[in-house]
Structures are given as structure tokens and as C-alpha cells.
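Biologist: Could you take me through this structure, please?
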Amino acid sequence: ILNILSPTLTPSLEEIRIDENLKRIQAGKELNSLFLEGLFENERLVLEGPSGSGKSTFAISYIQKKLAQGKKGLYLCHNLLLADRFKTHDALQHDNFTVLPIYHFYRKALRANDVKFTEFDYAEEESLFSSDAIIAKEQYDFIVIDEAQDLLSAPIVKILDEYIAEENGGLEDGEYLVLLDLAQSYDTDNQSTLDAIKEHAAKFKLLKNFRVSGSQQLSDFVQRAQQGDLQLDKTYQDTV
């Protein structure tokens, strides 16, 4: 039984393979970063890509550059954990930078406009924020909206148009970064909202996943899963 259950591997060969994969991943990340640097010339960006393609890494660099220029910024996302990551990131600790999960942002705006609402009634909060009764009480030089695939049914256009300082041009001429992965979208009826943003912004799509993996088999497995090309009758024992 012991012989049957014992794994068969050579540690030295495994270490070499992992080291080679780490070098390959690092080279890919450096190439990707070089490409992303060129995107900074665009003041309005829509960046689409799968998880692990470098969107958040680019967002951090984008925010740093804007803050270094003395600009005031806002970061919005749907996920509380992602918001906490940006809020506690050492490189983003700045008085001119605000991080808010989207519903916290709605509630802040509703309170600033003295609008009564039922807290945690998300549909009501979003609907009230979308109304003409809500006027931007605080504006920003740039806005980053992450996980935008979950917010395209929300008043994202209003946020970009009204919460970017008027002298900076709002939706048409302002500075903003919209990050999304449409493959993970809950809302399939989002094309019109996305088109409204793309009309004024440059859109780029990242195709590669640059997260570190332990083996080539695992990388292939992830790629096949993303493409929907998994063979369900195969065990993928090598990957494990």
C-alpha cells in the first residue's frame, strides 16, 4: 500500500522545472509591464483582461503616477477584499486618494445630498444614486473603476461624467481608468454602457495570464479552462 500511494517525483527535477517556470513568468511580466507603460499616454482607458493578466498591477502604477502629479483620485470596485487591498497598499497611502466599495460610495453620496434610503437595500441605493436628486458634492481629478464588469448596469457613466472635476472634462475629456473582465460578468446586458464609455476612451485587451504556476501542465490547464476547452473525461493527473 505504501508503494502504491507514494508519489513518484525527483525533487531536483521539480525544482529545476519550477525555477524555469518562474523565470518564464517573470520575463512575461516584464514584457507585459513594458507594454502597459505605453498606455499611460492615454488619459481615458478601458483595460479588459482575464484574472492575472496585470490589470491591478497597472492600476497601482497608474494611481501612483497621478498622485505624484499632485492629482486627487478615487478608486471604486465591487469587492470588499479588493478595496481593502488598495486601501492598505503601502504605495497608495496618500491624503489625495480615496478607496471605496461601490455601495459605500452610493451611501456617502446619498447622505451628502440628504436623501433618505434603506441601508443594504442595494437596488434602492443604486436607483436613488442614479436619480437627478444626487449632485456630486466632491469631485476628483481622476477615477479608477475596477471590476467594472459588475458595475456596467450601475450608473458608471454618471460617476465618470459628474465626479470628475468639471474643469477636467468629465466623461469626454477627463482622466479615468476602467478595468474589467467580461468573462466574469454577472450582467450580460452591458454593451450599451460599455459602448458609451469606449466612445471617449481608448480600449485595450490583455490576452495572457501571467500569474505564477508550478508547472507547464498547470499553465496549460488554466489556459484550457479559460478557453472552455477542457476534456472532462481526462483526469489531468500530471497537473496535480
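Predicted model: local features only at pLDDT ≥ 70, side-chain atom pairs only at ≥ 80, totals over all residues.

Biologist: How many helices and strands does the chain have?
Modeller: There are 10 helices and six strands. Both are DSSP runs numbered from the N terminus, with at least four residues (H or I) for a helix and at least two (E) for a strand.

Biologist: What is the order of the strands in the sheet?
Modeller: The open sheet runs S3-S2-S4-S5-S1-S6, with parallel pairing; two strands pair if DSSP finds at least two bridges between them. Strands S3 (97–101) and S6 (202–205) stand at the edges with a single partner strand each, so one side of each has no neighbour in the sheet.

Biologist: Now helix H9: which of its residues are buried?
Modeller: Thr 193, Leu 194 and Ile 197 are buried in H9 (residues 191–198). Buried means under 20% relative accessible area, with a 1.4 Å probe and protein chains only.

Biologist: Why do they line one face of the helix?
Modeller: Seen down the axis of H9, the buried residues fall within an arc of 95°, so they line one face. The arc is that of the directions from the helix axis to the C-beta atoms.

Biologist: And what do they pack against?
Modeller: The buried residues of H9 pack against strand S1 (44–48), helix H7 (156–162) and strand S5 (175–180), where contact means heavy atoms within 4.5 Å.

Conventions: Residues numbered from 1 in each chain as written. Heavy atoms only, no water. Buried < 20%, exposed > 50% of the residue type's maximum accessible area, 1.4 Å probe, protein only.
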